[in-house]
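Good morning, and thank you for coming. I would ask you to look at the sequence and the structure as I bring them up, and to keep both in view while I speak.

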Amino acid sequence: MPGFVILRVRAHRLLLTAALLAVLLTTSVLAALTAFSGSVSDAALRRTLATRSAAPAALAVKSEIKPDQRPAATAAVRAGARATFGQLPFTTREFTQSGPYALPRSARPPDARGGDLDLTLFASMDRSRVRLTAGEWPAAPAAGGSAAEIQVALPQSAAGRLGLRPGARLALTDRFGGPGVTVRITGVYRAIDVSDAYWRLDDLGGRGMRKVDFTTYGPLLADDSVLAGGRVSAGRSGWLASADFSGIGTGDLARLRAASTEGPKSLVKHAVFGGSATAVTSLPEILDRADRSLLVSRSTVLIVALQLVLLAGYALLLVARLLSSERSGETELLRARGGSRRQIARLAAAEALLLAVPAALTAPLLAGPLTRLLAGHGALARAGLRLDTSLTSTVWLVTVLVALGCAAAVVAPVLSAGPARRAGRAGALPAPVRAGADIGLLVIAGVAYWQLDRQTSAFGGGALSTDSSGGLGIDPLLVAAPALALLAGTVLVLRLMPPAARLAERRAAGGRGLPAALAGWQFSRRPLRGAGPVLLLVLAVAMGLLTLGQSATWNRSQNDQADFRAGTDIRVLGSATSPLGQAGSFAAVPGVRAAAPAVRTSMPMSAGRSGTVLALDTRHADGFLLREDLAGRSGKDVLGSLTPEQDAPPGAALPEDAQRLALTLRLSGGTTGALAGTVTATLEDRYGLQYRFVLGALPADGRPHDLVLDLGAAADRPTGRPAGPLLLTGLDAVSSLSDARTPRQDLAVDGLRATGTGGKETALALPKAGQWAADSEDVKGETDWDTGITSVTRTLTLAAHRATAPLPAAVADDRFLESTGSEVGATIEVPFSGQTVKVRIAGRLKQLPTTGSGAIGPGGTATSAPAVDGGGLLLDLRAVNRVLQAKDDTLSPTEWWLTTTPGGSAAATAALKDRPDTDPAQIVSRAEIAKELGGDPLGAGPQSALAAASICLLYTTPSPRDTTGSRVAAGGG
């Protein structure tokens, strides 16, 4: 029998060679996909935890403990980290700081030595995280007791701001009342990378300075013995534990998630901390996101694999059918000589094993090189993944099963073949059976596609679904939906070919051309002659287009996500600069074309939901990123519908370069000996934002007095600058009077002068009487029951006249309308800063960028959970402020939206991160988000699988020679 099998193989070696190549290609590709799926998941998880998620995945512990308790606290932290990271290897770094100390006023420039004292603190830190830029590292204090000076190194940014160099000496005052210390600066240092997780332990973030209520410089890097020996006041100690995730795999996710959830809870309860410890890690949330991404990656690879299985299976069936047709005469001869059907099937099975065994042995060996080939190009190469290409039992098992499946596909035509028909025609199934099978396939494919579309549209889950317990998993029906849809569409095309051929024949017969009539007759006579290769060709082309579409959709999705999360080119979510100085300073950042202030607040709703209210300066938000299908129009048109008409700005205009404002004022009237009134000026910048500044006391003696406002200091120069030209829009004088029967008081403006950058003073035009309105209000205070006199607080106001503010227009997204039960055209009340503003909903969109569960806040954290998200409402900030200003209130920006010049985003982002008044974690860059999403290791795997599928489709497309050979398989004359 073996010899006879070899003779049969030699007789049809070309067809069997084609079958062998098809089996080898199928098994190799599926084995490579199996190895690729397993290795890329583990490698992507490790890469994610080692790079972009390394900082939030670390365990940061902070506690206020005594110096003698630090060894015990360190041991407790190490034990807690071991439990948190599930016994994985880890490293710990310490950061110990002192209490606050006050810097001498002499450290400030001469013109800025007033106000609150600046602060600093000492710290001992891991010196591998910093780099010395000048001088030398501080040494341990010399013998001499507490009076000996302490050597310190100063951060580079603080040294530049304070004008200090190595060798300088400073006398520091303990803010907790302890003894003062003298320090000598021996060196200047800077953090190597301020985004390093280590700087989570530093309140200043490794940036050298921070301004909240006070300006703090430092920390002053000192020798460890300074903080351990009690030379300075005790402060907070911190530890950072970073795990080595190089040995974990996807199978460890559940165990590690449970450990990282419970570990920090147990750590903070340790007795050594006395209840003062905090332990923070985002590892559980990171693992949850990674688990979902891995499921998406696996489902995509499964979708690709099923399509390839469908295509390869049909290609093998076509080759096997062609081989069976070629051997029909030989098969009839064997039967005529007494060969049974079982014996013939046994011969076919032996031939199939000759095809399957080499493929089963070779495919696993090719899986490693193919996997490395995939990892070395495209998205995986850009993500920097290195895959483990060692063979696993899963790869061998899949290879054997695929090889046996291919062998079954080769044997199937022999098993299904019946007695030969006259003229070699193959038997066909009855029409009702064929119609029922076609309709069944179409129904199943339609239901699967409907479920997939519904799942994606409603939940964005793709081929993922939730089980009864709420856990995510891969839905087999949804995974098979694309392959079923392709197969159903191909079969539908095949069934429409006969009626289409008959129609073509009739049209050709009605014409005068003989060739067209003969071609139409021949085509209608045997429309399915080339059905097999045509079906294969249609499947290959359709799958290729689907693969390209999936890849393009993925790329577009990353860009859309970046647009939605950022909302514009750059968003700054906070700044330590005064509100007046923020407006002009952000607009002057290199690479920034336009800056728009915004206020983000929440609106409580029923059912525990909370909506996001975004008031944006729509006139200056040129870079608003909104996909047109979300609103049915462009983002520019949406903002244009909200922008109010801009009237001539009221008030006294200051020059663009004004640095000081001097006012000559008179306060007359009142009783003899009345206390001086406190004068407050209201300024307005080009964004319509108002700022109030106390100018000082104005005696009620009727004589002119000069009051001066330093605009540079008010804007926190040199970092901050106003957004000029500024307008003086109001003055208030508040006086405390002895009783309510006081005579009339008058507040008069005799002169306005502005001083520019060159020191030149310019007289400003005084406000005209018709353009300003005067008002007075008396508020009774407490009554002195001994004298019977009631105190009165009188407020005299001069304010620029404004027209009545119109009702602000708003655009709401679908979820906001659903949560509030509103509709377009309705008027609703929106809370702002303790006030309520009536707004009219003028339009709707599907979802407002930067809101919802997909939005990000400071540090890249999610701003809202899906269950409590009440949607978003967009308004114009200037329109809202005009309503509030009529109520003597105003909104200050909580964030700034920056539009950059073409190619200027990187420079602008770098400049913002280098500023001393901004935290890098509070800068949201659209370009950085897009880069992060595009280089996501967890998303690179499916992209490479799609690219591999496209290449494989090129080798399974039938050639004209296949079409010619199929003529025999179709039968007949």
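**Overall surface and a pair of helices**

The accessible surface of the protein chain amounts to about 45,800 Å², and 57% of that belongs to carbon and sulfur atoms. Please bear in mind that this is a predicted model.

The protein chain has 973 residues, of which 46% count as buried. It contains 26 helices and 33 strands. Among contacts in the protein chain with a separation of 6 or more, 79% are between residues 24 or more positions apart.

Let me now turn to one pair of helices. Helix α7 covers residues 253–268 and helix α8 covers residues 283–326; their axes come within 8 Å and cross at roughly 160°. How are α7 and α8 oriented to each other? Angles over 145 degrees count as roughly antiparallel, and α7 and α8 are therefore roughly antiparallel to each other. The crossing in which α7 passes α8 is left-handed.

Which residues make the contact? On α7 they are L253, L256, R257, S260 and T261, and on α8 they are L283, P284, L287, D288, D291 and L294.

Finally, I would draw your attention to K265, which lies in helix α7. Its relative accessibility is 46%, so K265 counts as partly exposed. K265 and V280 are 15 residues apart along the chain, and their C-alpha atoms are separated by 9.4 Å.

Thank you for your attention.

Terms used. Residues are numbered from 1 along each chain as its sequence is written. This is a predicted model: local features need pLDDT of at least 70, side-chain atom pairs count only at pLDDT 80 or more; totals for chains, interfaces and linings use all residues. Side-chain values use heavy atoms; hydrogens and water are left out. Axes are lines fitted to C-alpha atoms, for helices over the stretch in contact, and angles run from 0 to 180 degrees between N-to-C directions. Helices (H or I, at least four residues) and strands (E, at least two) are DSSP runs, numbered from the N terminus. Angles under 35 degrees count as roughly parallel, over 145 as roughly antiparallel, 65 to 115 as roughly perpendicular and the rest as oblique. A crossing is left-handed if the near helix is turned anticlockwise from the far one by less than a right angle, and right-handed if clockwise. Contact means heavy atoms within 4.5 Å. Buried means under 20% relative accessible area, exposed over 50%, partly exposed in between (1.4 Å probe, protein chains only). Accessible areas come from the Shrake-Rupley method with a 1.4 Å probe; for residues, only the protein chains shown count as cover.
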